[in-house]
Amino acid sequence: MKSNEMNASALAEACYRQIERLNPTLNAFITVIPPETLPPFNGSGLLYGIPLAVKDLYNTKGIRTTAGSRFFADHIPQEDAFVIQKVKKAGAQIIGKTNTHEVALGVTTNNPHFGACRNPWDITRTPGGSSGGSAVAVATGMALAGLGTDTGGSIRIPAALCGVVGFKPTFGRVSLRGILPLSWNLDHAGPITRKVEDAALMLQAIGGYDELDPASMKTLPGDYSSHIKDSMKDRKIALAIGSFIEEADSEILEAVHLAVRILAEQGAIITEVNVDFLKEAALANALMTQADGAAFHRERLQEHPDWFGADVRQRLETGRAFTSSEYITARHTQTKVKRQCELLFDEYDVLILPTTPIAAPLLEGENAIERARQLTRFTAPFNLTGLPALTVPCGFTKAGLPIGLQIISRAWNEAGALRAGYAYQQVTEWHLQKPVI
C-alpha cells in the first residue's frame with residue numbers, strides 16, 4: 001500500500017472473498033464485520049488497511065462479544081478493549097470476531113454454542129485453541145493477522161497446529177483491559193501472523209503501558225523490528241532435553257532438532273539443557289487456570305451451570321474444588337520456576353523446544369480435558385513464568401500436519417525470541433506453505 005500497488009479496500013475485499021468461500025466449512029468467525037471506509041494512506045499508521053481477525057474475547061464497541069459462551073451471546077460492549085483502540089489508531093481494519101473455545105477454557109475450539117472450528121490442513125482435526133478461529137483465519141487468508149489470548153498456550157497451540165506464527169509477549173507488556181478474563185494471573189494478549197516480522201509489527205502496535213490495567217507494566221516502549229535482522233552468530237541457544245521433552249512424538253522432536261541445526265549453521269552456539277523442572281510448572285499452571293476461571297465465573301457457575309459446555313463445566317467445577325493449600329503450593333511453584341528460568345537466561349539467549357508434543361488431533365471423539373493436558377504441556381510453563389514465547393512453523397508430519405518450533409527468551413526481551421524466529425524463517429519455507437481447501 002505504501003507503493004500504491006494495493007489499496008485498503010482491495011486488501012479487505014480479498015479477505016472477505018476468502019471468508020465467504022471458506023467460513024461455512026471452517027467456522028473461523030462467529031461474527032463478520034462489514035467493511036469500513038478508511039481515509040487514504042498518509043504514511044502513518046503501522047497497520048494501515050491491514051485486515052485483522054479478533055478473538056471474540058476482545059470487547060468491540062457496538063459489536064457483540066460472545067466469548068464463545070451462551071452467557072455472553074448477546075453482549076454488546078459500550079467501548080473497545082484497550083488493544084482494539086490501539087490497532088484502530090494504527091489503521092487496521094477489524095473484519096470479524098473469531099471462534100474460540102468456550103470462555104477460552106480449552107484447546108480444541110470445538111464450541112458447543114457456535115459450532116466447531118476446523119483445521120484447514122485437515123477438517124476432521126482440531127485447529128487448537130482457544131484462539132483457534134484467529135489461527136485458521138490467518139492460515140487461510142481470511143485475515144492478514146489475528147489477535148488472540150494465551151493462558152496456557154492458547155495463541156501458540158493453534159498457531160502451531162495451523163502452520164502460522166503465534167507470539168505471547170511478556171506478562172504485562174500488552175494490556176488486558178476489555179478482554180474477558182480466564183485467569184488474572186496468567187492471561188496474555190498477543191498476535192497471530194504468517195511471518196515473524198509481522199508479529200513484531202503487531203506487537204509494536206499493541207504493546208505499551210495502560211494505567212487502567214493493574215497487570216500492565218510501565219516499561220520503555222519496545223522496538224521489536226529494528227534488531228530482528230541481527231546475526232545469530234555466537235548467540236547461545238539452550239536446546240531443551242530430558243524426560244519431560246522426550247514424551248513428544250518422534251516426528252516433532254526430529255523437526256525441532258533439525259531446526260536447531262539450521263540455527264547452528266548460522267553461527268548460533270547450541271547447548272543441550274535438561275528442563276524437567278518445567279513439568280511441575282505445567283501442572284501448577286493447569287491448577288491455577290481452573291481455579292482462577294472458577295473464581296471469575298463463580299456466579300455463572302452457581303446460577304446456570306447447565307449453560308456451560310460439558311468439558312468447561314467440569315474444569316470449572318474442578319477449579320472450584322481446589323483447596324487454598326493447593327493453590328498456594330502452585331503459587332510457590334510459580335516463584336521457584338521463575339527463578340530457575342532467570343538463572344537459565346543468565347547463560348542463554350533463548351530456549352528452544354517443541355510448541356506441542358503432538359500434531360493436530362481429531363476434533364470429534366476425543367476427550368477435551370485430556371487434550372488440554374497434552375497440548376499445553378510445553379506452552380503452559382511460560383504462562384506461569386510470564387516469559388515471551390514465540391512459535392514458528394518448522395515442518396510437517398508424514399500425515400501432512402504442521403509442526404511448531406517454540407522459542408523462549410528472558411522477560412522483556414521479546415526481540416531475542418523474534419530474532420531467532422526471523423533468522424530461522426530466512427532459510428526455510430515452512431511459513432510460506434498454505435493449506436489447499
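Helices (H or I, at least four residues) and strands (E, at least two) are DSSP runs numbered from the N terminus, while axes are lines fitted to C-alpha atoms, for helices over the stretch in contact, with angles running from 0 to 180 degrees between N-to-C directions. The model is predicted, so that local features need pLDDT of at least 70 and side-chain atom pairs count only at pLDDT 80 or more, whereas totals for chains, interfaces and linings use all residues. Residues are numbered from 1 along each chain as its sequence is written, and side-chain values use heavy atoms, with hydrogens and water left out.

Helix α7 (residues 250-265) packs against helix α14 (residues 414-426) at an angle of about 90°, their axes being 10 Å apart. That makes α7 roughly perpendicular to α14, a term for angles of 65 to 115 degrees (under 35 is roughly parallel, over 145 roughly antiparallel, the rest oblique). Ala259, Ile262 and Leu263 of α7 make the contact with Ala420, Ala423 and Tyr424 of α14, where contact means heavy atoms within 4.5 Å.

A cavity is a set of points on a 1 Å grid over the protein atoms alone where a 1.4 Å probe fits but cannot get out, and lining residues have an atom within 4 Å of a point. Grid points are joined across faces, edges and corners, and a volume is the space filled by probe spheres set on the points. By this rule there are two cavities of 30 Å³ or more.

| Cavity | Volume | Lining residues, among them |
|---|---|---|
| Largest cavity | about 40 Å³ | Pro169, Phe171, Asp187 and His188 |
| Second largest cavity | about 40 Å³ | Met232, Arg235, Asp349 and Ala420 |

In the lining of the second largest cavity, the largest share, three residues, comes from α14.

Key. On a 1 Å grid over the protein atoms alone, a cavity is a set of points where a 1.4 Å probe fits but cannot get out, and a pocket is an open set with protein on both sides within 12 Å along at least five of seven lines; lining residues have an atom within 4 Å of a point.
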